[in-house]
Amino acid sequence: MDKQQQAQQQLAPLRAQIDSIDSQLVQLLAARASVTADVGKVKQQFALPVYVPEREQTLLSARREQALEQQVSPELVEDVLRRVMRESYATQESHFVCCRPGGGKVVVVGGAGALGQRFVSLFQRSGYQVVVLEQADWPNADELCADAALVLLAVPITLTEQLIHQLPVLPATCVLADLTSIKQQPLSAMLAKHPGPVVGLHPMFGPDITNLVKQVVVVCDGRFSGQYQWLLQQLSVWGAELATQTASEHDKAMQLIQAMRHFSSLVYGSHLAEEQADLAQLLQLSSPIYRLELAMVGRLFAQNAELYADIMLSSADVAALLERYQQRFGELLQLLKNQDKAGLMAQFGKGQQFFGELAEQFLQESKQLLQKAADSRS
């Protein structure tokens with residue numbers, strides 16, 4: 001018997017043990033999924049959020065301690081559990097409790113769009129009567145909006161104010177809300193249009209998400225906040241994390257979070273195209289971090305061009321911000337041209353001081369992302 005045969009002979013029973021253990025793992029996952037489905041039913045019965053961060057952190061901490069006792073990598077255990085919990089959240093969202101006493105009618109303007117459809121589905125699964133108002137339905141807008149508990153605008157930025165003005169007179173207690181990625185102008189338009197409760201919402205996610213767990217929704221108060229608390233509770237029940245901001249604070253932050261990043265990605269992607277870069281070669285030679293950065297640029301070009309152009313054009317302040325960015329880019333480029341290593345390091349130090357302790361946090365978070373990117377590479 002040669003060495004290869006000897007190795008296979010010794011490996012065979014060990015592999016059989018692994019197969020048996022893996023089979024038990026699958027059975028345990030199935031049992032856990034059954035329990036989490038029951039947990040979801042209880043949560044919905046009592047209007048509890050799908051996602052409870054304190055409970056999740058307690059569970060992970062306990063299992064990490066157990067892993068150390070069993071001489072198993074706590075990082076491995078946490079990674080596995082996070083993936084399992086992400087799946088369990090999905091199993092808990094087939095139906096949701098209705099947070100508004102008596103339910104009621106929800107009118108989604110633009111409900112046939114990608115993001116609109118996402119919210120139509122959520123409200124339907126929560127027991128509301130959902131009506132979609134699209135362009136062809138405007139002649140019947142009075143009838144469609146009659147007795148509405150909520151009118152929610154999920155339309156492009158460029159159409160939002162126009163459609164707010166076109167709305168019929170709404171019931172006094174009807175909540176008027178929008179999902180636009182800018183807030184000051186739509187909020188002002190809604191306040192001028194409707195004397196009842198008004199709130200501006202900005203979901204910080206796209207329609208391709210699987211659920212709202214851990215997704216941020218920015219809330220900008222308009223008027224009579226007590227009368228739209230049921231809507232905020234509904235968002236929490238769906239799993240969203242709410243971040244309250246004034247409209248002006250929101251719009252200023254979005255210039256940095258959205259408009260500037262999208263523009264930078266657009267420039268980077270356009271530059272690669274003009275340079276006729278070999279994307280296949282770049283991917284082949286890229287480590288996970290560079291592959292991930294390239295993916296974040298590339299995903300922009302899989303999106304709706306008009307939507308992202310509208311975001312970048314949403315405020316005149318964006319151009320001024322990007323001009324300052326261009327100036328700083330030029331200053332650092334000059335350091336590079338001058339071979340000024342000390343100057344470049346000084347700029348690096350300025351960034352280190354600015355990010356402070358968050359730099360280490362971001363390093364650890366990025367390590368987890370990079371590991372997942374490496375695992376998924378075929």
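Predicted model: local features only at pLDDT ≥ 70, side-chain atom pairs only at ≥ 80, totals over all residues.

Biologist: Okay. How do I describe two packed helices, and at what angle do the axes of α9 and α13 cross?

Modeller: Two packed helices are described by the angle between their axes and the distance between the axes. Here, helix α9 (residues 247–274) and helix α13 (residues 316–337) have axes that come within 11 Å and cross at roughly 65°. The crossing of α9 past α13 is right-handed.

Biologist: Which residues of α9 and α13 make the contact?

Modeller: From α9 you have Q255, L256, A259, M260, F263 and S264, and from α13 there are D317, V318, L321, L322 and Y325. Sorted by class, that contact has eight nonpolar, two polar and one charged residues.

Biologist: On to the sheet. In what order do the strands lie?

Modeller: Strands of a sheet pair through backbone hydrogen bonds, either parallel or antiparallel. In this model, seven strands form an open sheet with mixed pairing, and the order is β2-β1-β3-β4-β5-β6-β7.

Biologist: How do β1 and β2 run, parallel or antiparallel?

Modeller: Strand β1 (residues 105–109) and strand β2 (residues 129–133) are parallel, joined by five bridges. Together with helix α4 (residues 114–125), β1 and β2 make a right-handed β-α-β unit.

Biologist: Where does α4 lie relative to the strands?

Modeller: Helix α4 lies across β1, β2, β3 and β5 (198–203), and runs at about 160° to β2. Helix α7 (residues 184–193) also packs on the sheet, where it touches β3, β4, β5 and β6 (216–223). The direction of α7 makes about 155° with that of β5.

Biologist: And how many bridges join β3 to β4?

Modeller: Four, between strand β3 (residues 148–153) and strand β4 (residues 175–178), which run parallel. L152 has A177 in β4 as its bridge partner.

Biologist: How do β5 and β6 run, parallel or antiparallel?

Modeller: Antiparallel, with six bridges between β5 and β6. You can see H202 opposite V218 of β6. Next, β6 and β7 run parallel and are joined by four bridges, with V219 bridged to T244 of β7. The chain gets from β6 to β7 through helix α8 (residues 229–237), in a right-handed β-α-β crossover.

Terms used: Residues numbered from 1 in each chain as written. Heavy atoms only, no water. Axes fitted to C-alpha atoms, helices over the stretch in contact; angles between N-to-C directions. Left-handed = near helix turned anticlockwise from the far one by under 90°. Contact = heavy atoms within 4.5 Å. Nonpolar A, V, L, I, M, F, W, Y, C, P; charged D, E, K, R; others polar. Pairing = 2+ DSSP bridges. Right-handed = clockwise from strand over helix to strand, strands pointing away.
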